[in-house]
Each structure stands twice: as C-alpha cells, then as structure tokens.
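Please look over the sequence and the structure first.

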Amino acid sequence: MEQNSKLVRLFAVLRTIADIGPVATSEREFSDSVRQILERVAIAFDAEQAAILLLDGNITKLTCVAAHGFPTLNANTVVPLAGAQPQYWHQARGSRAPARPQDVQEFFGSYDSPFLSSIQCLAPLRVNTGPVGLLALGARLGRESYGAADVECLEMLAPHLALVLHNHSLAESLRNQIADNLRLLSSLHHSYDDALEAFATTIDCKDQYLRGHSVHVARFAAGIAGTLGMSEEDVSGIRAAGHLHDIGKVTVDKQFFSKASTLRPEEFRAIADHTVMGHQIVSSVRFPWPQVPEVVRWHHERADGSGYPDRLHNDELPLSVRIVAVADTFDVLTHSRPYKPASPLEDVLAEMTKERGRQFDPAVVDALLKLVSVQDLLGLDQALAAEYGPGPVPAKDVEVVESKT
C-alpha cells in the first residue's frame, strides 16, 4: 500500500514537471503561469497550503509570487529575512520534510508569524549561480506528514521550479535595463532638443528677420513626420535636422537678409551657398541622426529638379529632405519678408497644394494639409511645440520674418 502511494506521488510529480515547461513558456503573464504551476504542485503533494517565494539578490527578503491556502500570504507579500544568514542560503542543499522550527528559523531568521509557523515542508530552489527562491508547503489533506518519499519527489521538482524563477528574474532584469536605457535615451533626446533649440536660436539671431525660423521649421517638420506615421526615432532625427537646416547662414553676410530689393546674382549665390557651407559644417560632426547632413545640403532642392545646389529630383531626395523642404517653405510663406508681407494661411496652403508634384512631394504636402487646419498660426505653433518641441515660441517671435531663402 505504501509502495503504491509512493508511485502515485511520483507519477503526479512527473506529470507536474512535464506541465511546467508549456505553462512557463506560454503567453500568459508570469503571475498566472506561476499560480497554475503552484496549483499543480499542491495537487501532486496533496497540500492544502503551498507557496512559491522569490529571493532577492541580496538575500534580504522573499517575495511571494504565488500562494495557496496560507491565510496571511498573497502574491506580492514580502517576507523579510532580517535574521537569516546569507551564507546559509548559499550553502543549503536538499529539502526539509518535515520542516522543524529550527529549519524555518535558519531560512527565515524567524519563526514568529502565522505563515512561518504553518510551514511543514521547505524546498530551497537553486540554479548554478545560487539560490533563487523557496517552495513552502503547509498542511496536507488528511493531516498526513511529509516524509522521505516526498523529499525524493521534491528533489526532482525543485530544479524545474528554480529555473522558472531564474528565467523570470532574468527577464525582469532585462526589462528594467531596457527601461533604464530608454529613460536615459529620452533624457538625452530632451537634452539634445533643448541644446538644438538653443543652437537654432543662435543661428537665427544673425538678423531679426531670421528669429524663430529654425525652431518653427523643426516643429513643422516633426509634425509632418508624425502625421506620416514615422517612428519616434525618425521624428527626432527630422526635428534635429530642422533645427540645423540653416546652419550655413552663419557664414553669410547679414546685410543680404534684410535687403528689400531684388538680389544681384552674386548676392543670391552667396545666400544659396549656405546649403553647401552648412553641409561642410555638419559633415564633420558625428550626429546620432543620419538625416542631418543631407537635409542641410538639400532642403532647397525641388521635386522637378529646379532647386539647388545639386538640382536633384523628388525620387533622388530622402524623405527627411522632402519633409524639411515643405516645412521650410511653409514657414517662409506664412511670415513677412523685407520684400513681401506674410501670406494668409489659406493662400499658403492653396499655393503649396498647387505645387504638389512640381516643387514638393505630394505625400508630404498632403501630410501638411492634414496637420494644418485654417487657424491662428500661433495656435498651430503652440500645439506643435507641446507635441514635438521643448516649449512654445513667444508670440512676438511668430510674427517676425526669416531670410530670403
């Protein structure tokens, strides 16, 4: 009879071991998976009370990940190990069945709680690198005590439970590292944005007609990119390129920007060369955004090949360039110039729609039309600032003008 009971227990544990893999690797949440595993363990050992606890790396506490039948223990309950000896956890081998008070004392550093005093069987869970947790069993059906046959079965089961906890800990550690890296990247991106906005302001302060232009272009370009469904990383790169697209203007004589009369050919060439000079400047810098140099050089190229400096056509231009070209023109047309007043927003949108496929990429213009409703331009800029930029440009800056290009 005893032999039959032992075989029944053995088969139940083997069945539990066979179930652990599929349950642990399913798409369920870890909490659901480990709860189902614990239910199988409890059935295999006829246990009315059972719990799986995860050990922290410093061996200062156990956290319950699944519990069954212990009145004071639930998932996420923390059991401190204030009096436990870390070296004991590293040295402990084998299950304790039946568990004596001194066994509980050695593992937990205490015996003074309803949960601890209810433990009748202990199985430390270990992997090659050390302890990862504990299986605790309490009262059994029929009040039967745990014996040698249970110890044998626990020794078979424990490595599989330990692996479940270890894999969970590794996954959590990886998730935390990824989250930390993303927070760092986010912080760096905000720092980059702040620095680039400040740099864009410096570029535009060459003349009063430039103020605010690069910041506006960065925001409009980011808004268009977002409307096109581009990734957050690509949007960040296009925003950075928008901030820096006119960096070459720092090499241009400031008197050309405020000239109200028609530019002489040599004056226009001096301004147009800001694309080439800017490209030379940014090409020597290792930006985290590959879009920057190409945008700086080609943001005055046009879809029909009529732009400068290289007379490229639409299909030769990266999408980032086509986006910034539309954003740049949109900002220029909606602001006053020394040689022209600002155009109404409705007229600007109509003009840019007419130039779909000739000067501008049709898809980019369509994205601009989706982004822009006929409203106060300052309201648009503030909305884009909240979504894509560090902060809104003051109202006085929205009404000033940019250069002739």
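Predicted model: local features only at pLDDT ≥ 70, side-chain atom pairs only at ≥ 80, totals over all residues.

Residues are numbered from 1 along each chain as its sequence is written, and side-chain values use heavy atoms, with hydrogens and water left out.

**Cavity**
- The whole structure holds 1 cavity of 30 Å³ or more (a set of points on a 1 Å grid over the protein atoms alone where a 1.4 Å probe fits but cannot get out).
- The largest cavity has about 60 Å³ of space, a volume being the space filled by probe spheres set on the points, which are joined across faces, edges and corners.
- Its lining residues (an atom within 4 Å of a point) include E301, R302, N314, F360 and D361.
- The lining of the largest cavity comprises 6 nonpolar, 2 polar and 4 charged residues (Asp, Glu, Lys and Arg count as charged; Ala, Val, Leu, Ile, Met, Phe, Trp, Tyr, Cys and Pro as nonpolar; the others, Gly among them, as polar).

- Strands are DSSP E runs of at least two residues; helices are H or I runs of at least four.
- β4 runs antiparallel to β5 (residues 130–137), with 7 bridges joining them; strands pair at two bridges or more by DSSP.
- A hairpin of 2 residues links β4 to β5.
- L122 has A136 in β5 as its bridge partner.

**H216**
- H216 sits in helix α7 (residues 213–227).
- H216 is buried because its relative accessibility is 2%.
- Its side chain makes a polar contact with the side chain of D331 at 3.1 Å (N or O atoms within 3.5 Å; within protein, one must be able to donate a hydrogen and the other to accept it, and residues adjacent in sequence count only if both atoms are side-chain atoms).

Terms used:
1 Å grid on protein atoms, 1.4 Å probe; cavity = no way out; pocket = protein on both sides within 12 Å on 5 of 7 lines; lining within 4 Å. Buried < 20%, exposed > 50% of the residue type's maximum accessible area, 1.4 Å probe, protein only.
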